[in-house]
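Hi there,

Here is the structure I promised to pass on. Have a look at it first, and my notes follow below.

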Amino acid sequence: MQRTEAQTIVDGYLDALATHDYDRVRAYLADDGFHWDSPIGRYTSADALAQYLTLIAGVLQRIERRHTFVDGGDVCHWLVLHTQLSERVATPAVQWARVVDRRIRSIELLFDPYRYRLLFQVDDPGLDRPRT
């Protein structure tokens with residue numbers, strides 16, 4: 001199956017995240033109308049999200065892509081996030097990204113946040129609503 005432009009963009013974002021290239025992560029995100037939601041927080045600023053990721057993504061060792069679903073500008077990945085917390089952890093996750101005008105406009109990331117909540121209680125002014 002041929003990759004779409006939207007999938008190429010979202011895969012580039014995941015590649016940048018996995019290699020801790022936060023400038024490149026930010027370049028994939030829309031400047032206006034951006035939205036990111038996960039069990040550990042919500043951001044409506046791509047700059048604030050990129051800054052937050054520099055704080056927490058250091059524990060990320062690799063991203064395993066198990067399957068990808070694409071529907072126009074919507075790209076959904078079934079992932080396993082391999083992290084090193086106090087021990088190595090493999091966390092199943094689903095990410096749904098929406099690409100508009102060649103930039104990622106929104107990302108919804110779903111996973112069990114139990115271990116992450118214990119580590120990343122960050123008081124960050126860019127965070128619209130911390131999850132509890």
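How many aromatic pairs does the count come to? The count comes to 2 aromatic pairs, and please keep in mind that this is a predicted model.

As you know, two values describe a pair of aromatic rings: how far apart the centres are and the angle of the planes. W36 and Y43 make a tilted pair, with 5.9 Å centre to centre and 50 degrees between the planes. Y43 also pairs with Y52, and that pair is tilted too, at 5.2 Å centre to centre and 35 degrees between the planes. Together, W36, Y43 and Y52 form one aromatic cluster.

Are these residues buried or exposed? W36 has a relative accessibility of 4%, so W36 counts as buried. Y43 is buried as well, with a relative accessible area of 0%, and Y52 is buried at 3%.

Now for the wider picture. The protein has 4 helices and 6 strands, and along the sequence they follow the pattern α-α-β-β-α-β-β-β-β-α. Of the 132 residues in the protein, 45% are buried.

One last item concerns contacts. Taking the contacts in the protein with a separation of 6 or more, 51% are between residues 24 or more positions apart.

Best wishes

Methods
Residues numbered from 1 in each chain as written. Predicted model: local features only at pLDDT ≥ 70, side-chain atom pairs only at ≥ 80, totals over all residues. Heavy atoms only, no water. Helix = DSSP H or I, 4+ residues; strand = E, 2+ residues; numbered from the N terminus. Buried < 20%, exposed > 50% of the residue type's maximum accessible area, 1.4 Å probe, protein only. Contact = heavy atoms within 4.5 Å. Phe/Tyr/Trp six-rings, centres within 6.5 Å; stacked < 30°, edge-to-face > 60°.
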